[in-house]
Amino acid sequence: MLAFSHQEYQNRLMKTKKKMLKKGIDVLLITNPANMNYLSGYNGWSFYVDQVLAVIVDEEQPIWIGRHMDANGARATTWLFESNIIPYPDTYIHSEKHPMEFVADILHQIGQSNRRIGLEMESYYFSALAYERLKQSLPNATFVDASLLVNHIRIIKSEQEIEYIKRAAKIVERGMDTAVAHIAEGVRECDVVAQIYKELITGTPEFGGDYPSIVPLLPSGENTSTPHLTWTDRQYQYGEMVIIELAGCHQRYHSPLARTVSIGQPSEEALEVSKIVIEGLNTALDAVKPGVTCEEVEMAWTNVIQKYGIEKESRVGYSMGLNYPPDWGEHTASIRRGDLTVLQPNMTFHLIPGLWFDDYGIEISESFRVTENGCEVLANYRRELIVKEDLDLTIIS
């Protein structure tokens, strides 16, 4: 079930250990499931309980420590030896005992309890209680914040990773087609999402889809003024706009895409704003090439919207790829002012220069790969405000 060659996992582990040595870390306790997957291949819906991949700088293999019922999942999906898969009993689940006490016990047994231990302090999956129990159980250890250590290694993708992201892009095209086809006056929002999910999971005849790390985001009407609403069971009304933000997912690799649909003719204001978004998006994509910083790409966008007297407070993009709920972003580089990350080939980003006002918003986005001399837009989808008039589909350009 491995998604990559054994050699690729070894290369990732070697890069991780080099970073650990540079930061003076002897043991890295990984709780982020994307980083766990990246280094070991582990892939299961078990991140709602405590689990750890322990990378020891002078040991050949990491150690997976997780819930007993998930150990077979580790055997099925990782390249680790049987001896490096260590389950804890269910008595540690939702009880006075804590799984991090078990993790500490293992570190004691293998002589790692008094070393410098790196922790993913900013991980969604590492609680304050987990940290406290580790500190109590390992009084002789020195703890180091190792947040994003592996995330930064992930930012440059291998050719196989790029292939998975391109497959995800093919899947999101189909999901977007389905969304656009089903959004209409009188149709319930939830029914549209049901059709989207079917398409995202079915994928293509050549490769299937996986569950995306973020659910479909489909605010409509005045709710398009905010980007992160999902759906209800209300019916779409004539004259409303609908924002669609989705991602295709394959082997846990994502390719997001956003478009805006108008049910009936949009207002002149909304139409003009959509043209500004598209102009800014095109200009930002034209600015992408190796050696350029994230800040410079953002400035290309900002220079366009400032011509029209518009300001945008939030970032316009971020590095993305491998992830688990609740996010498909990598939490590293952002396309915004002040981010001096230098673009390199095979970095992948979601460029989402949406504009949100008091009573409506417009989102039109692209995911792209940095190439040797520019960028490759991953999905092939009409970059326009989509207008649905009765049963006819019109593209406003």
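Residues are numbered from 1 along each chain as its sequence is written, and side-chain values use heavy atoms, with hydrogens and water left out. Because the model is predicted, local features need pLDDT of at least 70 and side-chain atom pairs count only at pLDDT 80 or more, while totals for chains, interfaces and linings use all residues.

**Cores**

A nonpolar core is a set of buried Ala, Val, Leu, Ile, Met, Phe, Trp, Tyr and Cys residues joined through side-chain atoms within 4.5 Å; buried means under 20% relative accessible area, exposed over 50%, partly exposed in between (1.4 Å probe, protein chains only). The largest core has 66 residues, and Leu28, Ile30, Trp64, Leu149, Ile183, Leu218 and Ile244 touch the most other members. Helix α7 (residues 159-182) gives the most to this core, with 8 residues. Helices (H or I, at least four residues) and strands (E, at least two) are DSSP runs, numbered from the N terminus. This core lies between domain 1 (6-154) and domain 2 (159-394), because both give residues to it; the domain bounds come from an automatic or database domain assignment. Another core, of 30 residues, lies apart from it and includes Ile155, Val288, Ala333 and Ile335.

**Pocket and cavity**

On a 1 Å grid over the protein atoms alone, a cavity is a set of points where a 1.4 Å probe fits but cannot get out, and a pocket is an open set with protein on both sides within 12 Å along at least five of seven lines; lining residues have an atom within 4 Å of a point. A volume is the space filled by probe spheres set on the points, which are joined across faces, edges and corners.

| Largest pocket | about 420 Å³ | His228, Arg315, Tyr318, Asp327, Ile352 |

β10 (329-334) and β9 (317-320) each supply at least two residues of the pocket lining, and β10 gives the most, with 6 residues. The cavity lining draws at least three residues from each of domain 1 and domain 2.

**Serine 46**

Serine 46 lies in the loop between α2 (33-40) and β2 (52-56). Serine 46 counts as buried because its relative accessibility is 0%. Leaving aside residues up to four places away in sequence, serine 46 touches Gln51 and Asp70, where contact means heavy atoms within 4.5 Å.
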